Amino acid sequence: MSLKLVPPQVLPPLNEEFRPAVLVNQNFQREVESVGVRTVIGVERSGGEVSRFETKVYPEGHPNFESNFQYIERIVKFLLWQRGGHTLHVGGSPRIAEYLKEKYSSTGAQKFDFDFMGTQVYEKEFSVVSCGVDEVPASRETGKLLGRNLQGHRIGFDLGASDRKVSAVVDGTPIYSEEVIWEPRKNADPEYHYREVMTALKTAASKMPRVDAIGGSSAGIYIDNRPMVASLFRGISQEKFGDIKNMFLRIRDELGVPLEVINDGDVTALAGSMSIEDNGILGIALGSSEAAGYVNMEGHIMGWLNELAFAPIDYSPNAPVEEWSGDKGCGASYFSQQCVFRLAPKAGIEIPVNVTDAEKLKFVQEKLETGHEGALKIWQSMGVYLGYGIAHYADFYDIKHVLILGRCTSGRGGDLLLEGSKKVFETEFPELAGKIELHLPDEKIRRVGQSVAAASLPVVE
């Protein structure tokens, strides 16, 4: 038996088949309320950290028992890409645990997640452990109070796919910044990446009498200053990737100062938190894919993956397939330029083929600025997706503010995204309308830039 799919009250103009995860899950919980039994999911990652998620499911022997499988599997998928983990503790029905063990195996439907979370990110085989509800390990989420350290002479850097940025920062004020074009994805030699980063750091260092600390941001998954998976280094062979994993540790040891490098989404959320002087911030960047970062209510960066591009938000059986993972209904297909390109034919827009993705997006955005009806419907649809997506995220994050960033938000697009999200909140989730504040970057948000936020990451003893 499959889950009951609930149509939204606010339909995206270009997608009547959209079935938001948040509505399906809420409906499941309403239906199971009177008969439900506890199930506890524990996701364990490096350092013995554990995230717990507790919910109710149908008991064994109930005619709807098998609908538990899809419900729990989609939650597990979300938790893995939000929090990260190499071991899944399933407290409750052994049948549910067995189902997940089959799905998340080297031959299962979620083989991509099995390989990615296991050997690639956490360097050990992914496993599923069946246990009693009271045997799931206790929650252990320390997080790091990274950032907001502005005193002294610091370097902040950001490694992008097309340019690398670096700033010399003295007591929170950039005194020198530069952007240099580079081509990291095309270079298969780890020494190229090492030399380029060291050149940037030494250039910034030359502008100050000393360097007290270095902080950096980059796209990808970073565990303890080690890039485990990153598109920047896709040209590096598996045999040489160990040199990349240890590159920032090598740089730290050679320069002899504290160094922290983390995912760029988390640094963006930190910059927003420092600017608006509040916590509980989820940053969502709608660019070539979906990127995200989070600062919790205590101002901590949690060390979670926040790879929401691979977290499901649409349970429709006809949802688009995410090209890398092969899974359906994931964030990358809804909160990025991929969504614009996917909806364009439905909107009556024929995008030029022999141009870059940036030019394709600009082509559709120019139509949006002129009031093209189809282009308007694309961004209206994305605004509806975003509203239901944020409501879903709010079941997994404690959120006060959402920063909506990225190239898809420029011009009229940003306002349409806000309008669509707010309409969803008002119609379906009035409790969120008063709890979560949505922001597009303005001068207040930009007060603390990415380089200053990055530079502020390390603590100097």
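## A charge over a ring

Let's start with Arg 250: its charged end sits over the ring of Tyr 194, 3.6 Å from the ring's centre. To count, NZ of Lys or CZ of Arg must be within 6 Å of the ring centre and within 35 degrees of the ring normal. Lys 360 does this too, with its charged end over the ring of Phe 341, 5.9 Å from the centre.

Keep in mind that this is a predicted model, where local features need pLDDT of at least 70 and side-chain atom pairs count only at pLDDT 80 or more, while totals for chains, interfaces and linings use all residues. Residues are numbered from 1 along each chain as its sequence is written, and side-chain values use heavy atoms, leaving out hydrogens and water.

## Rings that pair up

You'll find 29 aromatic pairs here (Phe, Tyr or Trp rings, using the six-membered ring of Trp, with centres within 6.5 Å; planes under 30 degrees apart are stacked, over 60 edge-to-face, the rest tilted). Phe 18 and Tyr 385 make an edge-to-face pair, 4.9 Å centre to centre with 70° between the planes. Phe 18 is in the segment before helix H1 (21-32) and Tyr 385 is in helix H11, so their pairing ties together parts 367 residues apart in sequence. Helices here are DSSP runs (H or I, at least four residues), numbered from the N terminus.

Both Phe 18 and Tyr 385 are buried (under 20% relative accessible area; exposed is over 50%, partly exposed in between, with a 1.4 Å probe and protein chains only). Together with Tyr 334, Tyr 388 and Phe 429, they form one aromatic cluster.

Technical notes
Helix = DSSP H or I, 4+ residues; strand = E, 2+ residues; numbered from the N terminus.
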